[in-house]
Amino acid sequence: MNDARVVPRWELHPKSQATTRGLVGKYASFVTLSIVSAVFLAPVIWMALTALKTQREALALPPVWIFEPQWANFIRAWESNDFGRSFLITTSVSIFSVILTMALSIPAGYVLARYRRTWLSMFEVGMLVIRMLPEILFMLPLYSIFQMTGLFDTQLGIVLAFQIFNLPYSSWLIRQFVAEVPVELDEAALLDGASVWQVLWHVIIPTIRPGIVAATILSFIAVWTNLLLPLALTYNATPMVATTIANFKGYGSFDWPIMAAAAIISLAPQFLFFLFAQKYIVKGLTLGAVKG
Amino acid sequence: MKRTVPVLFILPSLLVLLAVALYPASFGIWAGFHQWNWAIGQADHWVFIGFGNYVQLLGDRAFWNAIEVTLLFTLLAVVLELAVGLGIALLLWNNVQGSWFFRSAVVFPLMVSDIVAAVIFSTLLDPSLGTINYFLGTLHLPQPNWVGNTHLVILTLSLVDTWWQTGNIILILLAGLTSIPQDRMDMASIDGASGWKMLWYITLPSLKPFILVALVFRTIDALRVFALAWAITKGGPQRASEVAQLYIFNLGIGQYFNMGYASAAATLFALLVGLISGIYLMMMRRAPHE
């Protein structure tokens, strides 16, 4: 600091300056983040409030802030438009679809992480390509194929269809997690005379449990949040929540609070996972993208 | 014995993907070379017409409109999400009080299904009954017709997508930010670099590979937009928001059941998506890692 340049006065106390600036910065960040978070949360909170209003209160402008909560809206939503049944069917479809995805993708992801073969790389690239293709490329032919084979509008059909995107995604995720496990762990177990199945079952699966939880939750959420697949491949016999919620809006005078209540009910599974397993969701979403 | 392991472990996945992905996709591509219009009673027989559908597609203004709309939507959505996501990620990285809550709040919309996002915003954005315009009105701001204006509707859908999907970008960029070695920041700080200089010369260059990954993921996803347009605007007004997947869906199983033509359109669109992804992958390979 002993050079000849003219030092501005405020730089004479760099330390105190820096901390004040740091404090101001922190404060500004806090305020900005609070506003941003409010903006991101507002639409869903707004819908949750709407779900508790009467139709008249819901449509009122200026918005009504003080009202008597209509808890019965949730019961009415459950009972109208096949929504309750579609919720149960979606639950069942998501459970079976996730079981199938995991049963297939854990061994596949393990092999993809541990073995080097040309055909394996081709398989891996193929899965990535499938994942990035538009859904409609598969849905048009599946619609006619399912009509011909009797899979249209059945739970089995939609469970299979969800594998198109969930299986590649989950295999890819499992692969990333297995790749982080030191290969010496496998080798030690193999030297002790374990079979590859035993290695997978007793060494790999317990070690990558967070990865399996993440893949399970994300596959589950994917079933609940997709509209195009159920819209294309199901109808009255196997209604899914995405399509029944869309139907609330379909006809003339729709009851906005009832639809909002149905939407809130349909968010419940994801919301619970987010509340209790956010760590895994974040890990899965991050690792699924970043290790590419 | 050990040689058969990879085969045994992959085989079930391979069979399932062959059945539900590869076979249907090939079937669809093959169908694109046929006249196969269920609306005129061709459900059980088709007529081979070679590239007939593709020739027709080249002159189909509605198809190219759909492509144009999709590309515009993707461009707007990805740019908005990257800008907003980068800003939020940098703020979150500052480690202010309650960061975990803020992160949860901005990531939460990812849990919302596409149809519910669409349903929420179709009501909020209603020009006369919508709450958003009501609040704009109380602030004496203009109250645009968000979904009824042909020039505005794509921006509206990209804004909804920004609300819905920016969380993805934030998570990827946060992973990138935490991977920047702390000593690099400390060194720059000791050298007297200001906050903006550090951001420009150290943080952003280190983040480049992560920004690229976020860009690829969001672009590929945004190109496949369907539910937002289907449920908020139905493609309107006047096809101004008729995105590719919606247009093709309506050509096929949504409305017209012109399956051969729709399959050709789906194939052409998939090729376009593949082309864009391919360009990105080449860019990523060229960009040095770290």
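Q: How much of chain A counts as buried?
A: Of its 292 residues, 46% count as buried. Keep in mind that this is a predicted model.

Q: And what about chain B, how much is buried there?
A: For chain B the figure is 42% of 290 residues.

Q: Back to chain A. How many helices and strands does it have?
A: It has 13 helices and 0 strands.

Q: What radius of gyration does chain A have, and what would a compact globule have?
A: Chain A has 26 Å. A compact globule of 292 residues would be near 19 Å. The C-alpha atoms of chain A fill a box of roughly 85 × 70 × 35 Å along the principal axes.

Q: What share of the chain A contacts join residues 24 or more positions apart?
A: That share is 79%, counting contacts with a separation of 6 or more.

Q: What is chain B built from?
A: Chain B has 12 helices and 2 strands. Its pattern along the sequence is α-β-β-α-α-α-α-α-α-α-α-α-α-α. The C-alpha trace spans about 75 × 70 × 30 Å along its principal axes.

Q: How does H7(A) pack against H1(B)?
A: Helix H7 of chain A covers residues 155-179. Its axis and that of H1(B) are 9 Å apart, at an angle of about 135°. That angle makes H7(A) oblique to H1(B). The crossing is left-handed.

Q: Which residues make that contact?
A: From H7(A) they are A:Leu160, A:Ala161, A:Gln163, A:Ile164, A:Leu167 and A:Ser171. From H1(B) they are B:Ser13, B:Val16, B:Leu17, B:Val20 and B:Ala21. By class, that gives 8 nonpolar, 3 polar and no charged residues.

Q: What about H7(A) and H13(A), how do they cross?
A: H13(A) is the helix at residues 256-290 of chain A. The two axes come within 9 Å and cross at roughly 90°. So H7(A) is roughly perpendicular to H13(A).

Q: Who meets whom there?
A: A:Tyr169, A:Trp172, A:Leu173 and A:Gln176 in H7(A) meet A:Gly284, A:Leu287 and A:Gly288 in H13(A). The classes are 4 nonpolar, 3 polar and no charged.

Q: Switching to single residues. Where is B:Trp36?
A: B:Trp36 sits in the loop between strand E1 (34-35) and strand E2 (47-48) of chain B.

Q: Is B:Trp36 buried or exposed?
A: Buried, because B:Trp36 has 26 C-beta neighbours inside 10 Å, and 20 or more is the cut-off.

Q: What does B:Trp36 touch?
A: Leaving out residues up to four places away in sequence, B:Trp36 touches B:Ala31, B:Gln42, B:Trp46, B:Met259 and B:Gly260.

Q: And B:Pro127, where is that?
A: B:Pro127 is in the loop between helix H5 (114-124) and helix H6 (131-138) of chain B. B:Pro127 is partly exposed, with 14 other C-beta atoms within 10 Å. Beyond four places away in sequence, B:Pro127 touches B:Asn133, B:Asn145, B:Trp146 and B:Gly148.

Q: Last topic: the backbone. Which peptide bond is cis with omega near -10°?
A: The bond from B:Gly236 to B:Pro237. B:Pro237 lies in the loop between helix H10 (227-233) and helix H11 (244-254) of chain B.

Q: Which one is exposed and which one partly exposed?
A: B:Lys234 is partly exposed, with 14 other C-beta atoms within 10 Å. B:Gln238 is exposed, with 10.

Notes: Residues are numbered from 1 along each chain as its sequence is written. Chains are lettered from A and ligands numbered from 1 in the order in which they are written. This is a predicted model: local features need pLDDT of at least 70, side-chain atom pairs count only at pLDDT 80 or more; totals for chains, interfaces and linings use all residues. Helices (H or I, at least four residues) and strands (E, at least two) are DSSP runs, numbered from the N terminus. The radius of gyration is taken over C-alpha atoms; the globule rule is 2.2 Å times the number of residues to the power 0.38. A residue is buried if 20 or more other C-beta atoms lie within 10 Å of its own, exposed if 12 or fewer, and partly exposed in between; C-beta atoms are placed from the backbone. Two residues are in contact if their C-beta atoms, placed from the backbone, lie within 7 Å. Axes are lines fitted to C-alpha atoms, for helices over the stretch in contact, and angles run from 0 to 180 degrees between N-to-C directions. Angles under 35 degrees count as roughly parallel, over 145 as roughly antiparallel, 65 to 115 as roughly perpendicular and the rest as oblique. A crossing is left-handed if the near helix is turned anticlockwise from the far one by less than a right angle, and right-handed if clockwise. Ala, Val, Leu, Ile, Met, Phe, Trp, Tyr, Cys and Pro count as nonpolar, Asp, Glu, Lys and Arg as charged, and the others, Gly among them, as polar.
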